[in-house]
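Hello,

Here is the structure I promised to pass on to you. Please open it first, and then read my notes below alongside it.

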Amino acid sequence: MHFSCGIVRPPYEANSCFLQVTRGCSHNSCRFCTFYKEAPFSVSPDREIIEDLQEIKRTGIEIKRIFLQGADPFVLTFEKLKHIMKLINTYLYKGISVGCYSRVDSLKNKMVEQLKELKNIGFDMIVFGIESGDDFVLEKMNKGYKSNDILEQLSKMDKAGMHYSVIYLYGLGGHNYGMKSALNTAEILNKLSPSRVLASGLSIFPDTPLMEEIKNGEFMEADEIEKIKELKTFISSLNIQTILDATNVSNLAPVFGILPDDKDKILNILNAALDKYNEQYLRFQRKNMSNL
């Protein structure tokens, strides 16, 4: 199999099959990100995709779901995505569901009718790393789009009936800014219909511009207690029906549930964590995370 870096996926795609169709990230400039740095962005040639599909077929395993690899395979054109699905149907079989990561602005080259067609041929549950719905945070972290772009572009997904997830990266606003980021992000998502909201706690790693800003005193990291309080504010402010999933290793107080039904239960868990753990313990846990 042709993989330019390790497998990157959301937790619920653990049982999916993985197929690389792009390398790296088309943006690759977010100030906090460590993923995909070893692989400049490029599109996998058909030869590699076909070789990998043939290798998958030789395993004899029945494949029901493929999660495409690359930071944002959905940046590919409508015609290219249709072509990839045709290859999957040809070398494996029809009826396979296909998902991937995507940037918000990767939807700009697709109309609602095209998204409907992609949904009809098997694309579904695309994952958008919006990180925040706060314009100050988005600009500070060099995401490359603003909150109105999130609303405009993801509204296309709702109109097309294609399921999608969004990722909220709490702590990204830094010390004393988390609550505003939480409220502004919830305000944007309350106008949309994501099937799942994935929440992750910010961890800052070496060799990132954000770490350099911390060293230079240009960015003050939020305390771990602040981060949990921000997550609480975010969840409290969501009034849509969705799955809330904050269970990956970056969440020092992991929670999961269906909103709005489980909101009180989730908030009680976070309150209990705030009562139980102090800042020193939480910082120790963050420092000793083995991976994301």
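**What I found**

Asp 149 touches Val 104, Lys 108 and Leu 154, leaving aside residues up to four places away in sequence; contact here means heavy atoms within 4.5 Å. Asp 149 sits in helix 5, and with a relative accessibility of 13% it counts as buried. For that term, buried means under 20% relative accessible area, exposed over 50%, and partly exposed in between (1.4 Å probe, protein chains only).

Before going further, a word on the basis of all this. This is a predicted model, in which local features need pLDDT of at least 70 and side-chain atom pairs count only at pLDDT 80 or more, while totals for chains, interfaces and linings use all residues. Residues are numbered from 1 along each chain as its sequence is written, and side-chain values use heavy atoms, with hydrogens and water left out. Helices (H or I, at least four residues) and strands (E, at least two) are DSSP runs, numbered from the N terminus.

Two strands pair if DSSP finds at least two bridges between them. Strand 6 and strand 7 (residues 126-131) run parallel and are joined by 2 bridges; Tyr 101 has Val 127 in strand 7 as its bridge partner. Axes are lines fitted to C-alpha atoms, for helices over the stretch in contact, and angles run from 0 to 180 degrees between N-to-C directions.

Is strand 4 mostly covered or exposed? Strand 4 is mostly covered, as 5 of its 5 residues are buried. Arg 65, Phe 67 and Gln 69 point one way from the strand, Ile 66 and Leu 68 point the other way, and all are buried. Strand 4 is joined to strand 1 by 4 bridges, with the two running parallel, and Gln 20 stands opposite Gln 69. With strand 5, strand 4 pairs in the parallel sense over 3 bridges. There, Phe 67 stands opposite Gly 99, and Ile 66 has Val 98 as its bridge partner.

Helix 2 (residues 78-91) has buried residues at Phe 78, Leu 81, Ile 84, Met 85, Leu 87 and Ile 88. Their cover includes strand 1 (17-20), helix 1 (46-58), strand 4 (65-69), strand 5 (97-99) and helix 3 (112-121).

Helix 2 and helix 3 pack at an angle of about 5 degrees, with axes 11 Å apart, so they are roughly parallel to each other. Angles under 35 degrees count as roughly parallel, over 145 as roughly antiparallel, 65 to 115 as roughly perpendicular and the rest as oblique. Phe 78, Leu 81, Lys 82 and Met 85 in helix 2 meet Gln 114, Glu 117, Leu 118 and Ile 121 in helix 3.

Where is Asp 223 found? Asp 223 is in the loop between helix 7 (209-215) and helix 8, and it is partly exposed, with a relative accessible area of 28%. Leaving aside residues up to four places away in sequence, Asp 223 touches His 175, Glu 279 and Arg 283.

The axes of helix 8 (residues 224-237) and helix 10 (residues 279-287) come within 8 Å and cross at roughly 90 degrees, which means that helix 8 is roughly perpendicular to helix 10. In this contact, Glu 224, Ile 225, Lys 227 and Ile 228 in helix 8 meet Glu 279, Leu 282, Arg 283 and Arg 286 in helix 10.

Enjoy exploring it!

Best wishes
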